[in-house]
Amino acid sequence: MFRYIVRRLLQMVLTFFGATFIVYALMFAVQDDPIQALVGERPITASQRAALTERYHLGDNFFAQYWYYMKGLLTGDFGTSMTNRKVADMLADAWPVTLRLSLMAIVIAATIAILAGVVSAIRRGSIFDNATLVVTLIVLAMPIVVIAPLAQLVFGIKLGWFPVTAGKDASLWQLLLPAGVLASLVVATELRVTRASVAENLRADYVRTARAKGLTGARVIGVHVLRNSLIPVITLIGVDLGALMSGAIVTEKVFNIPGVGFNLFRGIRTEDGPLVVGFVSVLVIVFLVVNLIVDLLYAALDPRIRYE
């Protein structure tokens, strides 16, 4: 187990540097005039432009800029955004609300997917099973840019069930609607995977043996079937974290939530390279750590799995 963790950590380091290099290269390639994009249509003097160019090393080539960024990152300095704010301070302000939003979305999606997936697998071909298939296909066909404003219009403005927007210090109730919207990105896929996994395990020999021993249906499902069926679902939840982070860009913008996605949207629009790369670097670290935890959970769910 220890050797496996060390090997994975080394892979994570290489992945981190590769991901940050690609993101930095993309931001460098799309930058036209970040200084003018920052000030909008207002004029900027030559002295101001020269000072900002020197401060952010905009006159240097790509590899020099990347070296300055990585040198600061390895010492804990995420740099300064084009708005003259420390990226680390902006991360400290944005992460708590995005973390709450993402955790709520994961809990909502996993709860619905596991419960509905298990029932659909047990009652294959029933009205409930067919209904969930239709609903999941509809959800998969609708992009987040449609679901977010539509949910805000219907449940926030028309029906008034939920707050229309949520601020920095939003309560769990204010985050419930955007969390549900964010969960819609992954709940359909997780539900179908849960259904398929449970249905496959219900036909396994160990299930017939457990039933032959006189175990109740609830114990067979809850203890034997569900534990083995959760392995692919947990794998999918770890991968879905990336989808949740990308969906948060649209969701937080629509519901006016000043989180990571909101700041990324603003940074991309204003060509704020230090802001975008700093936020994405943290997202890469979170994604790698979560997937490592998911891999380690395999051994807890299935005793046959051992990392040597």
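The following dialogue asks what stands behind the terms used for this predicted model.

Student: What are the ground rules for the numbers?

Tutor: Residues are numbered from 1 along each chain as its sequence is written. Local features in this predicted model need pLDDT of at least 70 and side-chain atom pairs pLDDT 80 or more, totals for chains, interfaces and linings use all residues, and side-chain values use heavy atoms, with hydrogens and water left out.

Student: How many helices and strands does the chain have?

Tutor: The chain has 12 helices and zero strands; helices are DSSP runs of H or I with at least four residues, strands are runs of E with at least two, and numbering starts from the N terminus. The pattern along the sequence is α-α-α-α-α-α-α-α-α-α-α-α.

Student: Which residues does UniProt list as "transmembrane region"?

Tutor: The unreviewed UniProt entry lists several ranges, including 101-122 and 134-155. UniProt positions follow the numbering used here, feature names are shortened, and annotations may be inferred rather than shown by experiment. In the model, residues 101-122 are 100% helix, with end C-alpha atoms 32 Å apart. Residues 134-155 are 91% helix, and their end C-alpha atoms are 22 Å apart.

Student: Why is lysine 86 called partly exposed?

Tutor: Buried means under 20% relative accessible area, exposed means over 50%, and partly exposed lies in between (1.4 Å probe, protein chains only). Lysine 86 has a relative accessible area of 41%, so the residue counts as partly exposed.

Student: Where does lysine 86 lie, and what is around it?

Tutor: Lysine 86 lies in the loop between helix 4 (62-74) and helix 5 (87-122). Leaving aside neighbours within four places in sequence, lysine 86 is in contact (heavy atoms within 4.5 Å) with Asp77, Gly79 and Thr80.

Student: Why does asparagine 256 count as partly exposed?

Tutor: The relative accessibility of asparagine 256 is 43%, and therefore the residue counts as partly exposed. Asparagine 256 lies in the loop between helix 10 and helix 11 (260-269). Its phi is near 55°, a positive value in a residue other than glycine.

Student: What makes a space a cavity or a pocket?

Tutor: On a 1 Å grid over the protein atoms alone, a cavity is a set of points where a 1.4 Å probe fits but cannot get out, while a pocket is an open set with protein on both sides within 12 Å along at least five of seven lines; lining residues have an atom within 4 Å of a point. Points are joined across faces, edges and corners, and a volume is the space filled by probe spheres set on them. The structure holds one cavity of 30 Å³ or more.

Student: Which residues line the largest cavity?

Tutor: The lining consists of Ile106, Ala109, Ala110, Val186, Glu190, Ile237, Asp240 and Leu244. Helix 5, helix 8 and helix 10 (217-254) each supply at least two residues of it.

Student: How many of the residues lining the largest cavity are nonpolar, polar and charged?

Tutor: Ala, Val, Leu, Ile, Met, Phe, Trp, Tyr, Cys and Pro count as nonpolar, Asp, Glu, Lys and Arg as charged, and the others, Gly among them, as polar. The largest cavity has six nonpolar, no polar and two charged lining residues.

Student: What lines the second largest pocket?

Tutor: The second largest pocket, with about 390 Å³ of space, is lined by 17 residues. Helix 8 gives the most, with seven residues. By class, the lining has 15 nonpolar, two polar and no charged residues.
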